[in-house]
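Subject: Handing over a structure

Dear colleague,

I am passing this structure on to you, and my notes on what was found in it follow below. Please read them with the structure open beside you.

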Amino acid sequence: MNIEEIVFLFQTSEILNYVAYFFIINITLIFFEICLDFFTSKERRWKDTGANIIIFFLGQLLEKTVFGSIGIICLLPFYHLSPLEIPMNGWTWILSLLAADFTYYWMHRLEHEHRILWANHSVHHSSEDYNLTVSMRLSIIESAIEWVFLIPMILMGFNPFQAIVSLIFVAQYQTWIHTERIIKLGWLDEIFNTPSVHRVHHGSNQKYLDKNYGGVLILWDKLFGTFQREEEKVIYGLTKNINSNNPITINFIEYKNIWKDVKQCRTWVDRFRIIFGSLIWRPSYFKNHKKTIHDNYNNS
């Protein structure tokens, strides 16, 4: 399989019709919730909603014009290196979706554990509201690097088209869970990522930090010890909120914070750890070291 064949699949494969249907359903749900909140006067930060929508369109523009082909081009060498090849059929699509969901769990978890990755992912967590438009609030440059996490799937024998589309399905599924209007769903909350489960993930409450990373299945969290049920009222946002509705500020403020810390470092080892290490690590010689650790332990 070469790049022309993959591009041809993206242009003609029937599976993309389902991606399109999923997308239309999600946009319809978002519009419906906006109208519902407006006419029922439900509390909502409307400037925040506007920022979410702008960020979504900026991200779509960049993905369709700049970043869209990066993943394909970068994953192809790994596909050709692998001695394995999994054919595309109904059964392997199920297997691919399961593998993509497992991949998403670890991608998501690493985005919360390493500061350079958190610089992108924190965009999604920086809203102090929780509604369906928050699902649109994703880093406008994140898609340029997420292909890296698909490398294990490619080495297992999945082709780049199947791996990318499967990850898209996992991401699309999560739109409906960004709402307060759906309460707990009983046994479904124990198996799937649901609104209740994902509200916990967006909480800045101490007991909710670093919990519920799953995409579709929440079983990965149970398996790896990161599951938490919704028990107390969720406080949304970061532990130190950015207080801005500017889409550019929302997308790049953590990069600015990283650069600020890098300039204070005395060694290259410390600079490396600031960029690629834990969110809370700072050199002991930083001024107000303890306060800096507390303030920068954003909702991870």
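In α5 (90-113) and α8 (160-173), the residues T92, W93, S96, L97, A100, D101 and Y104 of α5 meet F161, Q162, A163, V165, S166, L167, F169 and V170 of α8, where contact means heavy atoms within 4.5 Å. The residues of this contact divide into ten nonpolar, four polar and one charged; Ala, Val, Leu, Ile, Met, Phe, Trp, Tyr, Cys and Pro count as nonpolar, Asp, Glu, Lys and Arg as charged, and the others, Gly among them, as polar. Helices here are DSSP runs (H or I, at least four residues), numbered from the N terminus.

Please keep in mind that this is a predicted model, in which local features need pLDDT of at least 70 and side-chain atom pairs count only at pLDDT 80 or more, while totals for chains, interfaces and linings use all residues. Residues are numbered from 1 along each chain as its sequence is written, and side-chain values use heavy atoms, with hydrogens and water left out.

The axes of α5 and α8 are 8 Å apart, and the two helices pack at an angle of about 65°; axes are lines fitted to C-alpha atoms over the stretch in contact, and angles run from 0 to 180 degrees between N-to-C directions. The crossing of α5 with α8 is right-handed, a term used if the near helix is turned clockwise from the far one by less than a right angle, with left-handed used if anticlockwise.

Helix α2 (residues 15-39) packs against helix α3 (residues 46-67) at an angle of about 165°, with axes 13 Å apart, which makes α2 roughly antiparallel to α3 (an angle over 145 degrees). Their crossing is left-handed, and F23, I34, D37 and F38 in α2 meet W46, T49, I53 and F56 in α3. Of the residues in that contact, six are nonpolar, one is polar and one is charged.

Helix α11 (residues 247-264) and helix α12 (residues 268-276) also pack at about 165°, their axes being 9 Å apart, so that α11 is roughly antiparallel to α12. Here the crossing is right-handed, and I258, D261 and V262 in α11 meet R271, I274 and I275 in α12.

Finally, the largest pocket is lined by 48 residues, of which Q60, E63, S143, I168 and A171 lie nearest its centre. The lining divides into 24 nonpolar, 19 polar and five charged residues, and its largest share, nine residues, comes from α3.

With best wishes

Notes: Angles under 35 degrees count as roughly parallel, over 145 as roughly antiparallel, 65 to 115 as roughly perpendicular and the rest as oblique. On a 1 Å grid over the protein atoms alone, a cavity is a set of points where a 1.4 Å probe fits but cannot get out, and a pocket is an open set with protein on both sides within 12 Å along at least five of seven lines; lining residues have an atom within 4 Å of a point.
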